[in-house]
Structure formats: C-alpha cells, structure tokens
Amino acid sequence: MNILDSIKNELRKAVTKPKHRFRYFSMATCGIHGHVRQRMLVLRDVADDFTLTAYTDSRSKKMTHLRENSEVSLLFFNPSKFIQITMTARVQVDNNEETILNLWNRIKPRSRKDYITELPPGTMIQDPSEIEHQDNIHYFTVLRLIPEKIEYVKLQKINHLRILFCREDHTWSSTYLVP
Ligand SMILES: Cc1cc2nc3c(=O)[nH]c(=O)nc-3n(C[C@H](O)[C@H](O)[C@H](O)COP(=O)(O)O)c2cc1C
C-alpha cells in the first residue's frame, strides 16, 4: 500500500476509534485582517477523495474566518509514532438540508448540547453553570475540508521521511522533501 493510502486508512480508523491519535486535529484559519487562529476539532469522516468532515456551531468565530478566507491549515500528530501530517485545505459548508438532518439525527442528545447553547460560542459569562440550551433551534454546521496539499513527516533513527502530496485534478503527485 502506498503512503497516501495508508494515511487515509489511519485517518479513517481515527473516525471510529475514540483513542486514536488522529481523532483530534488542529485547524488554523486566517481572517481578512491576517489574524490567525487555531482550534482542535474532532475528525468525523474521511471520504474516498480525502474530503474530511468536521462539525461546528454556525455562530463560532471560525465561521467568520472561513467566510473571509476558506483556506485552512490542518495538523495531525501521532506522538507515539513520531508522525506529523499537515494539510492545506479549502473549506466548504455543507448546505444540503437532508444530509445535515441525517447527521443531526445521529448525534447523541448529550452531544447535541454543543450546538444549541442560547448564547453564541465565545460569549463572556460569569459561571459555566449559567449555560442555557434551546430545544427549538440548532446551529449544527457540517464542514467539508478538501485538502489540496498533504505533507507527511516521520521522524526515524535513520533517514527521517518527509513527503509532499499535491492534488492534481483526480490524482495526487508526490515528492520527497528534505526533512
Ligand atoms: C479535544 C477537543 C475537541 C474539540 N472538537 C471540536 C469540534 O469538533 N468542533 C468544534 O466546533 N469545536 C471543537 N472543540 C472546541 C474548539 O477547539 C474551539 O474552542 C471552539 O470550536 C471555538 O473555536 P473558534 O472560536 O475559533 O470558532 C474541541 C475542543 C477540544 C479541546
């Protein structure tokens, strides 16, 4: 199996295995004024064409950034294998109501709380126990992250490995880089 396929396989394992090191990844955004911001997200799906899926609240700051600039940088890290995967991706918000409803219906009621707070994410509050939830509305948003470049780095005792994959229409080119 080539390395790109094994990356996809590992990421897919992370979707179903809660303790997998790639389950949580960092997504950095850059707003219109050049302000950079990053945050952790849960990896929800990996499609055949490498489109990654994440969920968020439509009122969060990342959504403002994404409207201003849809290019993001993603970072996955496995400290036990010394593997780093970085990606440059374009983000699309999935607007298909049927898809969103299907995914929403699969979310456990406990987890739905993340998308139904009365006050938007990032609002200042006096105490975490103040948080109220709404029953009649949700802000659940499905993000599709479409990688354009994927870079794989593995630290090894002899010859560290660094490979750059670039999307070219429906295929990927690859080249080794100096680590
Ligand atoms: C382990 C972990 C997983 C998280 N997963 C998500 C997630 O899947 N979606 C999300 O919107 N926020 C998630 N968060 C919260 C974000 O990291 C972030 O604080 C929040 O989305 C607000 O970010 P923003 O203000 O930049 O939009 C997670 C936080 C942690 C610590």
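Read along the sequence, the secondary structure of this predicted model follows the pattern α-β-β-β-β-α-β-β-α-α-β-β-β, which comprises 4 helices and 9 strands. The C-alpha trace spans about 55 × 35 × 35 Å along its principal axes, and 37% of the 179 residues of the chain count as buried. Among the contacts with a separation of 6 or more, 55% are made by residues 24 or more positions apart. An unreviewed UniProt entry places the feature "domain: Pyridoxamine 5'-phosphate oxidase N-terminal" at residues 15-153; over residues 15-153 the chain is 17% helix and 40% strand, with the end C-alpha atoms 21 Å apart.

**Helix H3**

Helix H3 runs over residues 97-106, and within it Ile100, Leu103 and Trp104 are buried. These three cover an arc of only 105 degrees around the axis, which puts them on the same side of H3. An α-helix has 3.6 residues a turn, so residues three or four places apart point the same way. Glu98 and Arg106, by contrast, are exposed on the other side of H3. The cover over the buried residues of H3 includes strand E4 (52-57), helix H4 (109-112) and strand E7 (140-154). At the N-terminal end, H3 is capped by asparagine 96, which has a side-chain oxygen 3.0 Å from the backbone nitrogen of glutamate 98. The ring of tryptophan 104 also has the charged end of arginine 112 sitting over it, 4.9 Å from its centre.

Aspartate 57 belongs to strand E4. Is this residue buried or exposed? Aspartate 57 counts as buried because its relative accessibility is 4%, and the cut-off for buried is under 20%. Its side chain reaches the backbone nitrogen of arginine 59 at 2.7 Å. Leaving aside residues up to four places away in sequence, aspartate 57 touches Met63, Asp114, Tyr115, Thr117, Pro121, Tyr139 and Thr141. Arginine 59, for its part, lies over the face of tyrosine 139, at 3.5 Å from the ring centre.

**Aromatic pairs**

A pair of aromatic rings is described by the distance of the centres and the angle of the planes. With ring centres required to lie within 6.5 Å, the count comes to 7 aromatic pairs. One of them joins phenylalanine 50 and tryptophan 172, whose centres are 5.8 Å apart and whose planes stand at 65 degrees, so the pair is edge-to-face. This pair links distant parts of the chain, 122 residues apart, since phenylalanine 50 is in the loop between strand E3 (45-46) and E4, while tryptophan 172 is in strand E9 (residues 171-176). Another edge-to-face pair is formed by tyrosine 115 and phenylalanine 140, with centres 5.1 Å apart and planes at 80 degrees. Tyrosine 115 lies in the loop between H4 and E7 and phenylalanine 140 in strand E7, so the pair ties together parts that are 25 residues apart in sequence.

The relative accessibility of the residues in these two pairs is as follows.

| Residue | Relative accessibility | State |
|---|---|---|
| Phenylalanine 50 | 2% | buried |
| Tryptophan 172 | 22% | partly exposed |
| Tyrosine 115 | 6% | buried |
| Phenylalanine 140 | 6% | buried |

Ring pairs also link Tyr55, Trp104, Tyr115 and Phe140 into a cluster.

Terms used: Residues are numbered from 1 along each chain as its sequence is written. This is a predicted model: local features need pLDDT of at least 70, side-chain atom pairs count only at pLDDT 80 or more; totals for chains, interfaces and linings use all residues. Side-chain values use heavy atoms; hydrogens and water are left out. UniProt positions are given in the numbering used here, feature names are shortened, and annotations may be inferred rather than shown by experiment. Helices (H or I, at least four residues) and strands (E, at least two) are DSSP runs, numbered from the N terminus. Buried means under 20% relative accessible area, exposed over 50%, partly exposed in between (1.4 Å probe, protein chains only). The arc is that of the directions from the helix axis to the C-beta atoms. Contact means heavy atoms within 4.5 Å. A polar contact is a pair of N or O atoms within 3.5 Å; within protein, one must be able to donate a hydrogen and the other to accept it, and residues adjacent in sequence count only if both atoms are side-chain atoms. Rings of Phe, Tyr and Trp (its six-membered ring) pair if their centres lie within 6.5 Å; planes under 30 degrees apart count as stacked, over 60 as edge-to-face and the rest as tilted. A charge sits over a ring if NZ of Lys or CZ of Arg is within 6 Å of the ring centre and within 35 degrees of the ring normal.
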